[in-house]
Amino acid sequence: MSVTAAQGFTAAGIAAGIKANGNPDLALVVNNGPRLAAAGVFTSNRVKAAPVHWSEQVLRGGTVSAVVLNSGGANACTGPKGFQDTHATAEKVAETLGGDVNAGEVAVASTGLIGVLLPMDKLLPGVETAAAALSADGGEAAAIAIKTTDTVHKTATASGGGWTVGGMAKGAGMLAPGLATMLVVLTTDADLDSATLDRALRAATRTTFDRVDSDGCMSTNDTVLLLASGASGQVPAYEEFAEAVRTVCDDLARQLIGDAEGASKDIRIEVIGAASEDDAVEVGRSIARNNLLKCAIHGEDPNWGRVLSAIGTTKAAFDPDRLNVAINDVWVCKNGSVGEDRDLVSMKDREVRITADLSTGSESAVIWANDLTADYVHENSAYSS
């Protein structure tokens with residue numbers, strides 16, 4: 001049930017006509033309270049879309065009554081008009097929902113082609129249509145409406161003692177640390193304030209969404225929101241709640257990797273034996289972004305030399321003569337040289353596991369990536385045409 005798995009939320013997903021193909025393209029998620037607490041994290045790209053600028057301002061207040069999301073256009077690099085359109089969208093949601101809702105409590109998120117203004121003559125009437133369709137069972141429709149090049153919609157839930165965390169996500173390309181090119185809405189009926197939500201969300205994204213690196217490209221629109229309705233009346237212990245949020249984020253992040261554009265392999269890169277967690281993450285990201293390695297993985301070639309080459313471009317602490325690399329649990333490189341027979345490595349399965357041992361300390365990190373395929377090149381060469 002996605003974002004409506006938690007009590008106190010309604011959602012809808014409709015076709016407003018933003019997409020030329022007529023597919024669903026507008027989603028609305030409403031927090032019906034009694035609590036309206038919220039937290040959010042956004043792209044670290046210095047070029048940010050208008051909805052990101054708007055929603056960052058909204059989240060400073062810690063209160064979100066509704067989130068409106070559209071696919072079919074990113075509303076990024078659209079100048080003052082793009083920001084005006086975002087503001088108008090929030091105003092329309094507030095007006096349509098009525099009551100005590102104001103535009104300053106409406107988060108906005110967009111995804112799609114950069115550099116194109118949204119068709120407001122379709123989007124604004126679409127808000128009314130979506131509001132009329134709001135339902136406690138509308139989570140799946142909302143998740144479908146935010147898809148772009150996604151082949152499947154993505155939802156996840158986790159439950160505690162009488163409370164729930166639910167979520168939906170979109171994303172299939174431009175997946176890189178900095179939150180990937182994704183829109184994510186998480187909801188909970190736990191009775192928690194915005195400061196607690198912020199703490200849990202940042203802890204969760206640091207080890208999940210921030211460690212997804214499909215293609216090394218960082219989006220202008222990344223938005224991850226966590227809303228609490230308090231409808232369950234339950235106040236969980238922080239550790240239990242934070243783990244539930246992390247579980248949902250991890251589930252959604254893996255779904256993003258599994259649906260990455262053109263990918264035929266999911267690559268789990270675990271860096272162990274690092275002097276610090278930062279070193280482990282830096283090495284993992286370098287390996288994840290090595291196009292030669294990604295091509296080798298696509299060709300089911302256990303070319304471990306490309307792993308060492310990627311490690312060597314980092315500032316991490318290591319001795320080249322003590323590096324070890326395993327591919328699918330076969331240690332093909334030992335002490336910076338030839339290890340076990342590479343012919344022992346089977347790469348037929350979708351998931352490929354790379355373990356890089358820096359032999360320097362006790363810290364570790366996991367980064368998820370994908371292979372580089374002709375389908376990825378084709379999809380992105382024709383994206384805007």
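Q: How close do the axes of helix 5 and helix 6 come, and at what angle do they cross?
A: This is a predicted model. In it, the axes of helix 5 (residues 194–207) and helix 6 come within 9 Å. They cross at roughly 45°.

Q: Why those two quantities?
A: Two packed helices are described by the angle between their axes and the distance between the axes.

Q: So are helix 5 and helix 6 parallel or oblique to each other?
A: Oblique. Angles under 35 degrees count as roughly parallel, and 65 to 115 as roughly perpendicular. The crossing angle is roughly 45°, so helix 5 and helix 6 are oblique.

Q: Left-handed or right-handed crossing for helix 5 and helix 6?
A: The crossing of helix 5 and helix 6 is right-handed.

Q: Which residues meet there, helix 5 against helix 6?
A: Helix 5 brings Thr196, Leu197, Arg199, Ala200, Leu201, Ala203, Ala204 and Thr207. Helix 6 brings Tyr238, Phe241, Ala242, Val245, Arg246 and Cys249.

Q: And by class, what is in the contact of helix 5 with helix 6?
A: It has 10 nonpolar, two polar and two charged residues.

Q: What is the relative accessible area of glutamine 234?
A: It is 35%, so glutamine 234 counts as partly exposed.

Q: What does glutamine 234 touch, leaving aside its neighbours within four places in sequence?
A: Gly161, Gly162, Trp163, Ala190 and Asp191. Take tryptophan 163: it is 71 residues apart from glutamine 234 along the chain. Their C-alpha atoms are separated by 6.5 Å.

Q: New topic. How do helix 1 and helix 2 cross?
A: The axes of helix 1 (residues 50–60) and helix 2 come within 8 Å and cross at roughly 50°. Helix 1 and helix 2 are therefore oblique to each other. Their crossing is right-handed.

Q: Which residues make that contact?
A: From helix 1, Ala50, Pro51, His53, Trp54 and Gln57. From helix 2, Gly82, Phe83, Thr86, His87 and Ala90. They divide into five nonpolar, five polar and no charged.

Q: What about helix 2 and helix 3, how do their axes cross?
A: The axes of helix 2 (residues 79–97) and helix 3 (residues 120–132) come within 10 Å, crossing at roughly 25°. Angles under 35 degrees count as roughly parallel, and helix 2 and helix 3 are therefore roughly parallel. This crossing is right-handed.

Q: Who meets whom between helix 2 and helix 3?
A: On helix 2, the residues are Asp85, Ala88, Thr89, Lys92, Val93, Thr96 and Leu97. On helix 3, they are Met120, Leu123, Leu124, Val127, Glu128 and Ala131. The classes are eight nonpolar, two polar and three charged.

Q: Onto the inside. How many residues are in the largest nonpolar core?
A: It has 49 residues. Those with the most contacts inside it are Leu26, Leu28, Val64, Val67, Val68, Leu69 and Met168.

Q: What is leucine 28 in contact with, beyond its neighbours within four places in sequence?
A: Its contacts include Thr10, Ala12, Val67, Val68, Val93, Ala131 and Leu134.

Q: What does the second, separate core include?
A: That core has 34 residues, including Val165, Ala200, Leu226 and Val245.

Q: Now the backbone. Which residues does a cis peptide bond join?
A: Glycine 33 and proline 34, with omega about 20°. Proline 34 lies in the loop between strand 2 (26–31) and strand 3 (37–42).

Q: Which asparagine has a positive phi of about 50°?
A: Asparagine 75, although it is not a glycine. Asparagine 75 is in the loop between strand 4 (66–70) and helix 2.

Q: Is asparagine 75 buried or exposed?
A: Buried, because its relative accessibility is 1%, and buried means under 20%.

Q: And what is phi for asparagine 335?
A: Near 55°, again positive in a residue other than glycine. Asparagine 335 is in the loop between strand 12 (330–334) and strand 13 (337–338).

Q: Last one. Where is asparagine 303?
A: Asparagine 303 lies in the loop between helix 8 (291–298) and helix 9 (305–311). Not counting residues up to four places away in sequence, it touches Leu293, Ala296, Ile327 and Arg342.

Conventions
Residues are numbered from 1 along each chain as its sequence is written. This is a predicted model: local features need pLDDT of at least 70, side-chain atom pairs count only at pLDDT 80 or more; totals for chains, interfaces and linings use all residues. Side-chain values use heavy atoms; hydrogens and water are left out. Axes are lines fitted to C-alpha atoms, for helices over the stretch in contact, and angles run from 0 to 180 degrees between N-to-C directions. Helices (H or I, at least four residues) and strands (E, at least two) are DSSP runs, numbered from the N terminus. Angles under 35 degrees count as roughly parallel, over 145 as roughly antiparallel, 65 to 115 as roughly perpendicular and the rest as oblique. A crossing is left-handed if the near helix is turned anticlockwise from the far one by less than a right angle, and right-handed if clockwise. Contact means heavy atoms within 4.5 Å. Ala, Val, Leu, Ile, Met, Phe, Trp, Tyr, Cys and Pro count as nonpolar, Asp, Glu, Lys and Arg as charged, and the others, Gly among them, as polar. A nonpolar core is a set of buried Ala, Val, Leu, Ile, Met, Phe, Trp, Tyr and Cys residues joined through side-chain atoms within 4.5 Å. Buried means under 20% relative accessible area, exposed over 50%, partly exposed in between (1.4 Å probe, protein chains only).
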